[in-house]
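Hello,

Here is the structure I promised to pass on to you. Have a look at it first, and then read on for what turned up in it.

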Amino acid sequence: MTQTAFARFRDAVLGGSRGAAAAALAFVYPPTCPGCQVLLGRHAGICGRCWSSLRFIVRPYCEVLGVPFSHDLGSGILSADAIANPPPFSRLRSAVVHDGLARTLVHGLKYRDRTDLAPMMAGWMARAGEALLSDCDAIVPVPLHHYRLLARKFNQASELARAIARQSGKPLLLGVLRRTRPTRQQIGLGANARRVNVQGAFSVTEAGRASLSGKRILLIDDVYTTGATVGAATRALRRGGAADVSVLTFARALADHI
Ligand SMILES: [Zn+2]
């Protein structure tokens, strides 16, 4: 199959059509487990062994930061971190701990063009952030700077946000938030360096102000590490008129997994 035919089939499937294009996709990407490559009977699945290795984040957790607690301390309990350093966003939820297969999925979506993984990942996110999703008026992805977007062709946060919007029926606001300057990759930077790296890196577009005014926004990103990126994006959204911002990410690095 030529590159163009491949792209056409893939786009047709990702665009939501089924049938012949889906069959062609199965031919190009045989349905394999994204974790261990074992053949599966259908697309967008995970084999049982890899599934059991995923660490889904469920209660008990901090009601603000969503960080899991090892013991159930009762409902509505906040972590010491949420009390000492209240974040700019109202609530944060993530579907899985960022290790093992979760890391492979994030990597596949980000660097290996596996946009076919986005609907499955978005489904897990929608479950983890069910309350945030039902309380929001619109969904906004963390944007990439256009230099990086050119190099990578698509924004992984937008792919996840688009799938969540499609599954939930909530409006997706693209182009309201932009990165005003390219930032260094956050990987390898400590918490302070990360904060400085993204400080003032986001702004709301002129058109974005009208769409954000008074709205409760659900901000989407692939991974939460120290919160520097979503913190800076939240501040920009609030300055741009959003009434409230909550954050939903696919994966979350825990202190011993950063
Ligand atoms: Zn597997």
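Which residues of helix α10 (residues 191–198) are buried? They are Arg194, Asn197 and Val198, where buried means under 20% relative accessible area, exposed over 50% and partly exposed in between, with a 1.4 Å probe and protein chains only. Helices (H or I, at least four residues) and strands (E, at least two) are DSSP runs, numbered from the N terminus.

Before going further, please note that this is a predicted model, in which local features need pLDDT of at least 70 and side-chain atom pairs count only at pLDDT 80 or more, while totals for chains, interfaces and linings use all residues. Residues are numbered from 1 along each chain as its sequence is written, and side-chain values use heavy atoms, with hydrogens and water left out.

Viewed down the axis of α10, the buried residues fall within an arc of 80°, so they line one face of the helix; the arc is that of the directions from the helix axis to the C-beta atoms. Asn192 and Val196, on the other side of α10, are exposed. The cover over the buried residues includes β3 (177–179), β4 (202–204) and α12 (228–239), with contact meaning heavy atoms within 4.5 Å. Just after α10 comes Gly200, with a positive phi of about 65°.

Next, the metal site. Cys33, Cys36, Cys47 and Cys50 each coordinate the zinc ion through SG, at 2.3 to 2.4 Å. Donors here are N, O and S atoms within 2.8 Å of the metal (3.2 Å for Na, K and Ca); water is not among the atoms, so sites may look incomplete. Along the sequence, the donor residues are spaced C-x2-C-x10-C-x2-C. Cys33 is buried, at a relative accessible area of 0%, whereas Cys36 is partly exposed, at 32%.

Finally, the aromatic rings. The whole structure holds 5 aromatic pairs; rings of Phe, Tyr and Trp (its six-membered ring) pair if their centres lie within 6.5 Å, and planes under 30 degrees apart count as stacked, over 60 as edge-to-face and the rest as tilted. One of the pairs is Phe89 with Tyr224, edge-to-face at 6.4 Å centre to centre and 85° between the planes. Phe89 and Tyr224 are both buried. Another pair, Trp124 with Phe250, is stacked, at 5.8 Å and 25°. This pair links helix α6 (residues 118–128) to strand β6 (residues 244–252), 126 residues apart in the chain. Trp51, Phe56, Trp124 and Phe250 form one aromatic cluster.

Best wishes
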